[in-house]
2 protein chains.
Amino acid sequence: MTSKGQITNWFLSLQDSICSALEQEDGKGKFEEDNWLRKEGGGGRTRIIQNGNVIEKGGVLFSAVHGKLPQKIGDDFILSREVSEIQHFYATGVSIVIHPKNPFVPIVHMNVRYFEMDNGVWWFGGGIDLTPHYVDEEDALFFHNALKTACDKHHPNYYHDFKNRADDYFYIPHRNETRGVGGIFFDKLNEKSGATNEQLFEFVKEVGNTFAPTYTALMNKNKSKSFTEENKYWQLLRRGRYVEFNLVYDLGTKFGLETNGRTESILMSLPETASWAYNYIPVLNSPEEKTLSFLKKNMDWTT
Amino acid sequence: MTSKGQITNWFLSLQDSICSALEQEDGKGKFEEDNWLRKEGGGGRTRIIQNGNVIEKGGVLFSAVHGKLPQKIGDDFILSREVSEIQHFYATGVSIVIHPKNPFVPIVHMNVRYFEMDNGVWWFGGGIDLTPHYVDEEDALFFHNALKTACDKHHPNYYHDFKNRADDYFYIPHRNETRGVGGIFFDKLNEKSGATNEQLFEFVKEVGNTFAPTYTALMNKNKSKSFTEENKYWQLLRRGRYVEFNLVYDLGTKFGLETNGRTESILMSLPETASWAYNYIPVLNSPEEKTLSFLKKNMDWTT
């Protein structure tokens, strides 16, 4: 059984290595750090980057919080049937959202997290997903194959199962669109999954370590592409959808806002600028229309 | 007892008169109309204005929908204790949100609505609230005094009670800010309030008729004011807060999205463009800081 201290330290080192890799690829932007304390216990190390060469606005956030589990959280968000009395909990993780300047560089999100309670219940969770403003099939394949390679080292079903969960999770029902080309999503992974605590921690490390080389490759490939005003406007509209997903559906955002989390850290996921147009319909056979045709569940991005 | 047909027709005429008044004051923008049908019964007449002289993006929406009341709606949104079996319902109303171009013209919202069920239960609801990007005390007083005058014609307690409900409703807990300078909010007004159906309909008409002269006066007063890039940026940040309120807390938005409403009509409330900055703190003693100091509950805007 890995201690929460070991997991916490690894998440801190992951935040460091990802920030370094992103700064290096960006070439200009520097993360600024805010340390914060949570009144009820614990705190976080929020790192925000704004106005880089490639990254317009983004965050790489570490937090480790603890305290009494509110009944509401036990009921709504976690695993109510296993919480019969008030429990102390410890939760730690790293969350990332990057909004690039260039419309041909995709938005990316990652979260890896660990949760435990005094009653011995623990689990890992996490996910990565890619939201291109314009879906580039080559990039989507590259991204999913990197995730599949990471997953396959740990279990032959992980990629298949977690890719399907991402399709379900990163979905905007009122738009009938997926948020982007998906990725992987997993939650409440513990010994009941058939893997040991140590094996699951190794898997979470693998996911965390996959982020930087995969996303910086996509930054590098696309950051110098030229774009038009129409491309930029489409990017703002797609960011509008991202805002809709995060504020209406995202459970991490909901959990954070409802439990009096640090608002500025939670809402770092929102872009610098987003737009909405009434009933915008892309031109027939345009790249914008083609992108919409890819925003569906059950796309196969591995072959 | 006023028939639902009479109420519906009055709401249609209200939409007409408000659209005319707004077009006249704007001088350029024209409403475009989309009629839509709801699969489960009823439909709406959505009117959207974009790229006017004064109005950047806004909508004046009429709808009249009917059908079986889903249990979920009975439980979550309406009055669960009075719904013991599946009821047929009829709901009609007018909803308005206007986002102006000039940062010194305030955002405005109004909703008036009527709901009835086959079991004889009925009520009126509604509200108006003003969200200035920069709070101008004279404008806030003018706005609230217009609402108080309208309320006072119908009941001496209405303004006091409905102003306090607006303070509670148009509030963003995660920002510890009201959405703007508030207004009035009322819901489930029926015979139990002590007024008759006819008296309440007259009150709702009074509220509806107060909208156009009050808001066009604020458009007229402020539309030609010059503004800087800093003013414009602040407007985008305030619009970001508006988006947060509407997507996270607004019950009409939530109800619409969860009941498979017409997304483009529901989300007409979102601005053309909005911005987010990490941990933005206005300069000491700036107009922006002064505005934040006004975004509190229990402000007295009548004297």
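In chain A, the loop between β10 and α9 (287–294) contains Asn285(A). The model is predicted, and in it Asn285(A) has a positive phi of about 65° although it is not a glycine. Most residues other than glycine have a negative phi. Is Asn285(A) buried or exposed? Asn285(A) counts as exposed because it has 8 C-beta neighbours inside 10 Å, and a residue is exposed with 12 or fewer.

The loop between β10 and α9 (287–294) of chain B holds Asn279(B). Asn279(B), again not a glycine, has a positive phi of about 50°. With 13 other C-beta atoms within 10 Å, Asn279(B) is partly exposed.

Strand β10 (residues 273–275) of chain A pairs with β10(B) in the antiparallel sense, over three bridges. Within this pairing, Ser275(A) has Thr273(B) in β10(B) as its bridge partner. The contact takes 23 residues from chain B and 23 residues from chain A. On the side of chain B that touches chain A, at least two residues each are supplied by β2, α6 (229–249), α8 (263–266) and β10 (273–275) of chain B. Which element gives the largest share of that side? It is α6(B), with five residues. Sorted by class, the side of chain B that touches chain A has 13 nonpolar, six polar and four charged residues.

Seven strands make up an open sheet in the order β1-β2-β3-β4-β5-β6-β9 (chain B), and the pairing is antiparallel. The edges are held by β1 (32–37) and β9 (182–189) of chain B; each has a single partner strand, so one side of each is left without a neighbour in the sheet. On average, and with direction ignored, neighbouring strands of this sheet are turned by 10° against each other.

Strand β2 (residues 42–50) of chain B and β3(B) run antiparallel and are joined by nine bridges. One bridge pair consists of Gly43(B) and its partner Ala64(B) in β3(B). β2(B) and β3(B) form a hairpin with four residues between them, and Asn51(B) in the turn has a positive phi of about 60°. Strand β3 (residues 55–68) of chain B is mostly covered, with 10 of its 14 residues buried. β3(B) also pairs with β4(B), in the antiparallel sense and over 13 bridges. Lys57(B) has His99(B) in β4(B) opposite to it.

Further along the sheet, strand β5 (residues 107–117) of chain B pairs with strand β6 (residues 122–131) of chain B over 10 bridges, in the antiparallel sense. Tyr114(B) has Phe124(B) in β6(B) as its bridge partner. Helix α5 (residues 197–222) of chain B packs on the sheet and touches β4 (88–100), β5, β6 and β9 of chain B. The direction of α5 makes about 15° with that of β6(B).

Chain A has an open sheet of seven strands in the order β1-β2-β3-β4-β5-β6-β9 (chain A), with antiparallel pairing. Here β1 (32–37) and β9 (182–189) of chain A stand at the edges with a single partner strand each, so one side of each is left without a neighbour in the sheet. Neighbouring strands are turned by 10° against each other on average, direction ignored. Strand β4 (residues 88–100) of chain A runs antiparallel to strand β5 (residues 107–117) of chain A, and 10 bridges join them. Ser95(A) stands opposite Asn111(A) in β5(A). Helix α1 (residues 4–26) of chain A packs on this sheet, touching β2 (42–50), β3 (55–68), β4 and β5 of chain A. Its direction makes about 10° with that of β4(A).

The axes of helix α3 (residues 137–152) of chain A and helix α4 (residues 158–169) of chain A come within 8 Å and cross at roughly 130°. How do α3(A) and α4(A) lie to each other? They are therefore oblique. On α3(A), Leu147(A), Lys148(A), Cys151(A) and Asp152(A) meet Tyr158(A), Tyr159(A) and Phe162(A) of α4(A). The residues of this contact divide into five nonpolar, no polar and two charged.

Note on methods. Residues numbered from 1 in each chain as written. Chains lettered and ligands numbered in written order. Predicted model: local features only at pLDDT ≥ 70, side-chain atom pairs only at ≥ 80, totals over all residues. Pairing = 2+ DSSP bridges. Axes fitted to C-alpha atoms, helices over the stretch in contact; angles between N-to-C directions. Contact = placed C-beta atoms within 7 Å. Buried ≥ 20, exposed ≤ 12 C-beta atoms within 10 Å, placed from the backbone. Nonpolar A, V, L, I, M, F, W, Y, C, P; charged D, E, K, R; others polar. Parallel < 35°, antiparallel > 145°, perpendicular 65-115°, else oblique.
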